[in-house]
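Please open the structure in the viewer and follow the stops below in order. Each stop says what to select and what is to be found there.

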Amino acid sequence: MDFLKAVLGDRYEEFVNLIKGYNEKPENKDKQVKLIDLNKGEYVSKAKYDEADTARNTLRSQLDEAEETLRGFEGVDVKQLQTDLADLTTKMGTQKEEYENQIAQMKFDAILDAAITTLGGRNTKAIKALLDIPSLMESKDQTADVQAAVNACKEENAYMFGDDEPINNPIGQTGGQTVTPPGKNPEDMSYEEYRAWREANRKGRINKCQIHF
């Protein structure tokens with residue numbers, strides 16, 4: 001309390017004795033008077049002290065939890081764990097991409113099959129072989145572009161669709177009868193069989209024309 005000497009002068013000693021006497025009384029044991037020079041930064045309020053004490057206890061608790069977690073990793077190959085995690089992440093990404101591609105393929109196939117069926121396509125597989133499938137799959141408007149592509153295919157290959165060139169009324173041979181492969185109905189033919197059969201009739205081959213498949 002020396003800083004009070006300049007303030008109290010001769011009464012400083014009296015003041016010190018009063019404070020000392022008060023603090024020495026048993027009934028004042030829990031309510032001691034202390035004077036601190038705040039200019040030295042020695043005083044901290046109880047609220048700030050409690051706040052600092054709480055922060056310290058929280059930090060200690062967090063540190064204990066961290067140490068417990070680290071003990072759980074004892075004996076673990078961290079590098080291998082990181083490699084396994086990277087592999088799992090890559091695998092999950094690949095599976096997601098494959099799944100999305102399968103869904104996209106299913107949707108595209110449904111659109112294409114519907115367009116071919118609507119126009120009376122006779123052999124879906126053969127018709128698909130004439131289309132630019134990769135380009136159609138990249139289309140932003142698959143429905144419209146697929147329909148347009150199938151329409152163009154029909155115009156160029158009418159015999160593969162509907163009754164534009166009736167399969168039951170093919171072009172006959174010169175001076176003769178239509179040739180049908182033994183044991184094979186025209187409606188049951190594959191695209192390759194039908195095309196060969198059609199060419200045989202168009203060129204007017206001999207009455208007994210054997211076609212090998």
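**A guided tour of the chain**

Begin by selecting Asp 113 and Lys 128, whose side chains form a salt bridge with an N to O distance of 3.0 Å. This pair joins distant parts of the chain, since Asp 113 belongs to helix H4 and Lys 128 to helix H5 (residues 124-129), 15 residues apart. Asp 113 is partly exposed, at 29% relative accessibility, and Lys 128 is likewise partly exposed, at 24%.

Now display the whole chain, which is a predicted model. Of its 213 residues, 19% count as buried.

Next, select helix H3 and, within it, Asp 53 and Arg 56, which are three residues apart, about one turn of the helix. Their side chains meet in a salt bridge of 2.7 Å, N to O. Asp 53 has a relative accessible area of 24% and is partly exposed; Arg 56, at 46%, is partly exposed as well.

Remain in helix H3 and select Glu 68 and Arg 71, also three residues apart. Here a salt bridge of 2.5 Å, N to O, connects the two side chains. Arg 71 is partly exposed, with a relative accessible area of 43%. A search of the whole structure finds three salt bridges.

Finally, move to Phe 73, in the loop between helix H3 (46-72) and helix H4 (78-118). Phe 73 counts as partly exposed, at 45% relative accessibility.

How values were computed: Residues are numbered from 1 along each chain as its sequence is written. This is a predicted model: local features need pLDDT of at least 70, side-chain atom pairs count only at pLDDT 80 or more; totals for chains, interfaces and linings use all residues. Side-chain values use heavy atoms; hydrogens and water are left out. Buried means under 20% relative accessible area, exposed over 50%, partly exposed in between (1.4 Å probe, protein chains only). Helices (H or I, at least four residues) and strands (E, at least two) are DSSP runs, numbered from the N terminus. A salt bridge is a side-chain nitrogen of Lys or Arg within 4 Å of a carboxyl oxygen of Asp or Glu.
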